[in-house]
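Here is a protein model to explore together, one question at a time.

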Amino acid sequence: KTYNKIQYSSLTVDRVTGKVHIEGKTGSYTDIGKFILGLNTSDKFRDIKLLAAAPTEGEVFGFNLSLDLYLKPEIFNKQ
């Protein structure tokens with residue numbers, strides 16, 4: 001589960017390293033903060049880094065975001 005006000009435009013996962021790269025849009029800096037807080041408080045992710053956040057261009061106001069994070073290795077283990 002993630003913060004539902006993020007619209008993903010790109011999601012890339014490296015299964016070897018567990019690195020995840022996310023790009024998307026949201027309506028405000030507050031939404032970006034809530035998204036990152038949710039990831040940081042999860043026991044499934046680590047090393048969350050916001051790479052960029054900038055206003056969108058065009059008629060619809062919002063923010064583009066880009067971030068990297070790592071999946072914890074145990075997420076790939078069957079229980």
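Q: Which residues is Ala54 in contact with, leaving aside its neighbours within four places in sequence?
A: This is a predicted model, where local features need pLDDT of at least 70, side-chain atom pairs count only at pLDDT 80 or more, and totals for chains, interfaces and linings use all residues. Residues are numbered from 1 along each chain as its sequence is written, and side-chain values use heavy atoms, with hydrogens and water left out. Contact here means heavy atoms within 4.5 Å. With sequence neighbours within four places set aside, the contacts of Ala54 are Gly62, Phe63 and Asn64.

Q: Is Ala54 buried, partly exposed or exposed?
A: Ala54 has its place in strand β3; strands (E, at least two residues) and helices (H or I, at least four) are DSSP runs, numbered from the N terminus. Buried means under 20% relative accessible area and exposed over 50%, with partly exposed in between (1.4 Å probe, protein chains only). Because its relative accessibility is 36%, Ala54 counts as partly exposed.

Q: How far apart in space are Ala54 and Ser66, C-alpha to C-alpha?
A: Along the sequence, Ala54 and Ser66 are 12 residues apart. Their C-alpha separation in space is 9.3 Å.

Q: Why does Thr56 count as buried?
A: Thr56 lies in the loop between β3 and β4. Setting aside neighbours within four places in sequence, Thr56 has contacts with Lys25, Phe61, Gly62, Phe63 and Asn64. Thr56 is buried because its relative accessible area is 17%.

Q: In what order do the elements of the protein run from the N terminus on?
A: The protein has 1 helix and 4 strands. Read from the N terminus, the order is β-β-α-β-β.

Q: Which residue in the turn of the β1 and β2 hairpin has a positive phi?
A: Strand β1 (residues 7-13) and strand β2 (residues 19-26) pair in the antiparallel sense over 6 bridges, where pairing requires that DSSP finds at least two bridges between the strands. Val13 has Val20 in β2 as its bridge partner. The hairpin has 5 residues between its strands, and the turn residue with a positive phi, of about 80 degrees, is Gly18.

Q: Which residue in β4 is the bridge partner of Ile22?
A: β2 and strand β4 (residues 63-71) run antiparallel and are joined by 8 bridges. Lys19 stands opposite Tyr70 in β4. For Ile22, the bridge partner in β4 is Leu67.

Q: Which residue in β4 is the bridge partner of Phe45?
A: Strand β3 (residues 45-55) and β4 run antiparallel, with 8 bridges joining them. The bridge partner of Phe45 in β4 is Leu71.

Q: How many residues of β4 are buried?
A: β4 is mostly covered. Of its 9 residues, the number that are buried is 7.

Q: Which residues touch the most other members of the largest nonpolar core?
A: A nonpolar core is a set of buried Ala, Val, Leu, Ile, Met, Phe, Trp, Tyr and Cys residues joined through side-chain atoms within 4.5 Å. Of the 14 residues in the largest one, those touching the most other members are Phe35, Leu39, Leu67 and Leu69.

Q: Which element gives the most residues to the largest nonpolar core?
A: The largest nonpolar core has 14 residues.

Q: Which residues does Leu39 touch, not counting residues up to four places away in sequence?
A: Leu39 is among the residues that touch the most other members of the largest nonpolar core. Not counting residues up to four places away in sequence, Leu39 touches Phe45, Ile48, Leu67 and Leu69.

Q: How far apart in space are Tyr29 and Val16, C-alpha to C-alpha?
A: Tyr29 lies in helix α1 and, at 49% relative accessibility, counts as partly exposed. Its contacts, neighbours within four places in sequence aside, are Ala53, Pro55 and Phe63. Tyr29 and Val16 are 13 residues apart in sequence, and their C-alpha separation in space is 32 Å.
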